[in-house]
Amino acid sequence: MRPFRYERAASAADAIALVHHEPNAAFVAGGTNLVDHMKLGIATPELLVDVRRVTSPVLEELPDGGVRIGAGVTNSELAADRTIRRRYPGLSQALLSGASYQLRNVATVGGNLLQRTRCVYFQDLTTPCNKRAPGSGCSARGGLERDAAILGVSQACVATHPSDMAVALAAFDAVVHAQGPGGERAIPLTDLYRLPGGHPERGTVLERSELITAVDLPPLPVAARSRYRKVRDRTSYAFALVSVAAALDVADGVVRDVRLALGGVAHRPWRARAAERALRGAPATEASFRAAADAELAGAQPLPGNAFKVTLARNAVSRTLLDLLEARR
Ligand SMILES: Cc1cc2nc3c(=O)[nH]c(=O)nc-3n(C[C@H](O)[C@H](O)[C@H](O)COP(=O)(O)OP(=O)(O)OC[C@H]3O[C@@H](n4cnc5c(N)ncnc54)[C@H](O)[C@@H]3O)c2cc1C
Ligand code: SF4
């Protein structure tokens, strides 16, 4: 690992200024992703600015009935929070499906959102990777394709976004608050992440010195009936092949409201808006659930090595919605 300097910021503004004025500086929170990348030589910051003491570690109810989650809240605290478990259970389940107890105890909301892809070639300095070294090529195409994306892919990159938490937040219309040298802005979580296009090195719309300060969940009654299903190679300590965050409200056998997002299938948490449109007002049946999944997956562009993900995603969507339907009875 290369030598680097470490500073504890005195305030959010101080942290932002430190990173802004040093071309090769980075924020660090729990360090569970960034420090691994420094050891591997993928990230080589000369200055680490610790933001754990300057990002809020609390959850608070908002006047409109929503919930504000400080960027410094740990993954364990968020998963265990009573309000989250009662009003957004799918978010708690998503967090608990990720990493391990030890990691969740130090990993923060801000860091979880900005964790980098687990594409094996991104982590291997000996192989070409457009995300790590723009213009060098994509080793995943024609290589180990099993974990690659099937939606929103580009010729340059087929990596997936690894966060489970972000999939649930995408389903629940979360809004990310960021503070930078130019002021503050609020970004819908679904707009925070970029599709790879010709520039996969940029995973989000954030500038380097923009600090995530909080994430807001809107008051969303349907989210009280939500679930997170994660399909993976092992039952713990593994990233999703495909995951589904779903919330469902049914009245008189008809879908009144629904939220759906997929993980493990794209460069960003994939909000399944086509499926949601197909479901609203439709009979709450397995046939409708499957048809909605098909509507979403019609644009899938799988590679030979991950074509199975299309079937897996269809089945995972349908099973998760059926689970929610059966839980009402
Ligand atoms: C073995 C292992 C298994 C894992 N399994 C899973 C899994 O199954 N599912 C899953 O979702 N995750 C998994 N993870 C990833 C884990 O969730 C992330 O490492 C963790 O959430 C990152 O949070 P952190 O606070 O440690 O971030 P850090 O490592 O400190 O930072 C990550 C990135 O975010 C930036 N950053 C941090 N805070 C802020 C902020 N407030 N504003 C702007 N930028 C910021 C940093 O500069 C860095 O680029 C796993 C990790 C490991 C090591
Ligand atoms: S899929 Fe993306 S991250 Fe993986 S090797 Fe290709 S360019 Fe790199």
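The domain assignment of the protein gives domain 1 (5–50) and domain 2 (226–327); such bounds come from an automatic or database assignment. Their centres, taken over C-alpha atoms, are 37 Å apart. This is a predicted model: local features need pLDDT of at least 70, side-chain atom pairs count only at pLDDT 80 or more, and totals for chains, interfaces and linings use all residues. Residues are numbered from 1 along each chain as its sequence is written, chains are lettered from A and ligands numbered from 1 in the order written, and side-chain values use heavy atoms, leaving out hydrogens and water.

**Sheet**
- An open sheet of 4 strands runs in the order β9-β10-β11-β12, with antiparallel pairing.
- β9 (226–231) and β12 (270–271) each have a single partner strand, so one side of each lacks a neighbour in the sheet.
- Strands here are DSSP runs (E, at least two residues; helices are H or I, at least four), numbered from the N terminus, and two strands pair if DSSP finds at least two bridges between them.
- β9 is joined to β10 (residues 242–251) by 6 bridges, running antiparallel.
- Tyr 228 stands opposite Ala 245 in β10.

**Ligand 2**
- Ligand 2 is surrounded by 13 residues, counted if a heavy atom lies within 4 Å.
- The closest are Cys 119, Cys 129, Cys 138, Cys 157 and Val 158.
- This shell divides into 10 nonpolar, 2 polar and 1 charged; Cys and Val count as nonpolar, Gly as polar, and Asp, Glu, Lys and Arg as charged.

**Aromatic pair**
- The whole structure holds 1 aromatic pair (ring centres within 6.5 Å; planes under 30 degrees apart are stacked, over 60 edge-to-face, the rest tilted).
- Tyr 88 and Phe 172 have ring centres 6.1 Å apart and planes at 45°, so the pair is tilted.
- Tyr 88 lies in the loop between α4 (82–87) and α5 (89–96), and Phe 172 in the loop between α8 (165–171) and β6 (175–180), 84 residues apart.

Notes:
Phe/Tyr/Trp six-rings, centres within 6.5 Å; stacked < 30°, edge-to-face > 60°.
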